[in-house]
Amino acid sequence: MLISKEFKPEKNLIIAAHPDDETIGCSSILKDSVIFLFTNPDQRRMKIFDDMCDRYNIPNVKFDLEALKLDTYGSHHLLNLLENAYIHLSKVFDIKNVFGHYSQDLHQDHQVLAKVTDIFCRRRNKNFSGYYQYFTDNSFPTENIILNESPIKVELLQRYNSGLNSKHYDYIIKFSEMLKEKYQTQYIPDAFVCKYRIGL
């Protein structure tokens, strides 16, 4: 007699420091993802984040840590939060790919979380098909880039616009337009760098 495994929907896991990072870096995969959001910088951006998750039915876990101070919590504490949340998440969803911050991003919270995510993924590399880093800053490499077209990126960015530093917002749009033109894509793309894929 065959016993079928319990069906669990496949999802990506996006690990983000702040509300807006998930849109700037991963808008193309939002509808197929779960988000772990580490900080709560302000109520306006949090409301936009919550509304977006409700609109697209995106499961999320919010840790509500203080923004710009992730380095004060210690890597061990952040890793424990990530591990415990993943254990509960994996009972409900089959996580195929992990998307974390680019390790050489200029933002201090992003750098800290990238290191923690890297440790987490290396410990669990047999659980995931791939681990990718996404970009929210101008520390963009010129090789090993994977582009995903994102029809909803500009729309979602406009919602966050008033909460972003104007120079940062302008940069995001200009950089995205540059990628669109350079790679001849139809829509504004997201850019990822592959850290590893199982089997490669």
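Two strands pair if DSSP finds at least two bridges between them, and it is in this sense that the strands of this predicted model are described here. Strand 2 (residues 33-39) and strand 3 (residues 60-65) run parallel and are joined by four bridges, with Ile35 standing opposite Asn60 of strand 3.

These two strands belong to an open sheet of seven strands, whose order is 3-2-1-4-5-7-6 and whose pairing is mixed. Strand 3 and strand 6 (145-149) stand at the edges with a single partner strand each, so that one side of each has no neighbour in the sheet. From one strand to the next, the twist averages 25 degrees.

Helices lie across this sheet. Helix 3 (residues 75-89) lies across strand 1 (10-16), strand 2, strand 3 and strand 4 (94-101), and runs at about 155 degrees to strand 2. Helix 4 (residues 108-123) lies across strand 1, strand 2, strand 4, strand 5 (130-134) and strand 7 (189-197), and its direction is at about 150 degrees to strand 4.

A pair of aromatic rings is described by the distance of the centres and the angle of the planes. The structure holds ten aromatic pairs, one of which is formed by Phe36 and Phe63, edge-to-face, at 5.9 Å centre to centre and with 80 degrees between the planes. This pair links distant parts of the chain, since Phe36 lies in strand 2 and Phe63 in strand 3, 27 residues apart. Phe36 counts as buried because its relative accessibility is 0%, and Phe63, at 17%, counts as buried too. Ring pairs also bring in Phe38, which is linked with Phe36 and Phe63 into a cluster.

A second pair, Tyr171 and Phe175, is stacked, because the ring centres are 5.6 Å apart and the planes stand at 15 degrees, where planes under 30 degrees apart count as stacked. Both residues lie in helix 6 (residues 166-182), four residues apart, which is about one turn of the helix. Tyr171 is partly exposed, with a relative accessible area of 26%, whereas Phe175, at 13% relative accessibility, counts as buried.

Helix 6 also meets helix 5 (residues 153-160): their axes come within 11 Å and cross at roughly 170 degrees, and the two helices are therefore roughly antiparallel to each other. Lys153, Leu157 and Gln158 of helix 5 make the contact with Tyr169, Ile172, Ile173 and Ser176 of helix 6. By class, this contact has four nonpolar, two polar and one charged residues.

Key
Residues numbered from 1 in each chain as written. Predicted model: local features only at pLDDT ≥ 70, side-chain atom pairs only at ≥ 80, totals over all residues. Heavy atoms only, no water. Phe/Tyr/Trp six-rings, centres within 6.5 Å; stacked < 30°, edge-to-face > 60°. Buried < 20%, exposed > 50% of the residue type's maximum accessible area, 1.4 Å probe, protein only. Axes fitted to C-alpha atoms, helices over the stretch in contact; angles between N-to-C directions. Parallel < 35°, antiparallel > 145°, perpendicular 65-115°, else oblique. Contact = heavy atoms within 4.5 Å. Nonpolar A, V, L, I, M, F, W, Y, C, P; charged D, E, K, R; others polar.
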